[in-house]
Amino acid sequence: ATGTANEMPQGPRAYLLAMQVQVMAFWQQLVIHPYSPSRAAWDFVSLGLVLYDTVALPLQFFDLPETAFSEVMTWLTRLFWTLDVPGAFLTGFVDNSGNIQLQPGKIVRRYFATWFTLDFFLVVIDWFEVIMMNGPDLASFGRI
């Protein structure tokens, strides 16, 4: 007797379906509500770093001496924006109807359709600068 309603499906297809359900449940647990306190704190830090960048970036044209503060802020902003990219893949959003979307697939599709290209481009440029400024020492790091 095959195909009764109470039997669990068998075989590779059923296994893959079960794994997909587990993976989606895992990702669903990581999704951040767009109005959560942790997201608000992240956005507040983001605002502060944008304000810092609006002042600091134009000053780079004047070839000012490097200070400990500027070095720390350069690395802090670089790391923050680098972490912001994966964070955006995990942050829910409010859709055009006013509904909060927390489904990972919808979040990823929306991020790719909106800010991902710019975010990725800016982060890559930032890390490319690190590689170019540190020359062969850093470039050979990957060839241990």
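At what distance from the ring centre of Trp127 does Arg78 lie over the face of Trp127? The answer is 5.8 Å, and a charge is said to sit over a ring if NZ of Lys or CZ of Arg is within 6 Å of the ring centre and within 35 degrees of the ring normal. The charged end of Arg78 also sits over the ring of Trp75, 4.6 Å from its centre.

The structure is a predicted model, in which local features need pLDDT of at least 70, side-chain atom pairs count only at pLDDT 80 or more, and totals for chains, interfaces and linings use all residues. Residues are numbered from 1 along each chain as its sequence is written, and side-chain values use heavy atoms, with hydrogens and water left out.

Helices are DSSP runs (H or I, at least four residues), numbered from the N terminus. Helix α3 covers residues 68-89. Its 22 residues reach 33 Å from the first C-alpha to the last, close to the 32 Å expected at 1.5 Å a residue; the expected span is 1.5 Å times one less than the number of residues. Among the buried residues of α3 are Met73, Arg78, Phe80 and Asp84. Here buried means under 20% relative accessible area, exposed over 50%, and partly exposed in between (1.4 Å probe, protein chains only).

Arg39 is buried, with a relative accessible area of 14%. Beyond residues up to four places away in sequence, Arg39 touches Ile32, His33, Pro34, Asp84, Gly87 and Thr91, a contact being heavy atoms within 4.5 Å.

Aromatic rings form a further theme. Rings of Phe, Tyr and Trp (its six-membered ring) pair if their centres lie within 6.5 Å; planes under 30 degrees apart count as stacked, over 60 as edge-to-face and the rest as tilted. By this rule there are eleven aromatic pairs. The rings of Phe26 and Trp27 have centres 5.5 Å apart and planes at 70°, so this pair is edge-to-face. Tyr52 and Phe69 are also edge-to-face, at 6.2 Å centre to centre and 80° between the planes. This pair links distant parts of the chain, with Tyr52 in helix α2 and Phe69 in helix α3, 17 residues apart. Phe69 counts as exposed, at 57% relative accessibility.

Ring pairs also link Phe89, Tyr111, Phe112, Phe116 and Phe120 into a cluster. Tyr111 is buried in helix α4 (residues 104-113), as are Pro104 and Ile107.

Technical notes:
Helix = DSSP H or I, 4+ residues; strand = E, 2+ residues; numbered from the N terminus.
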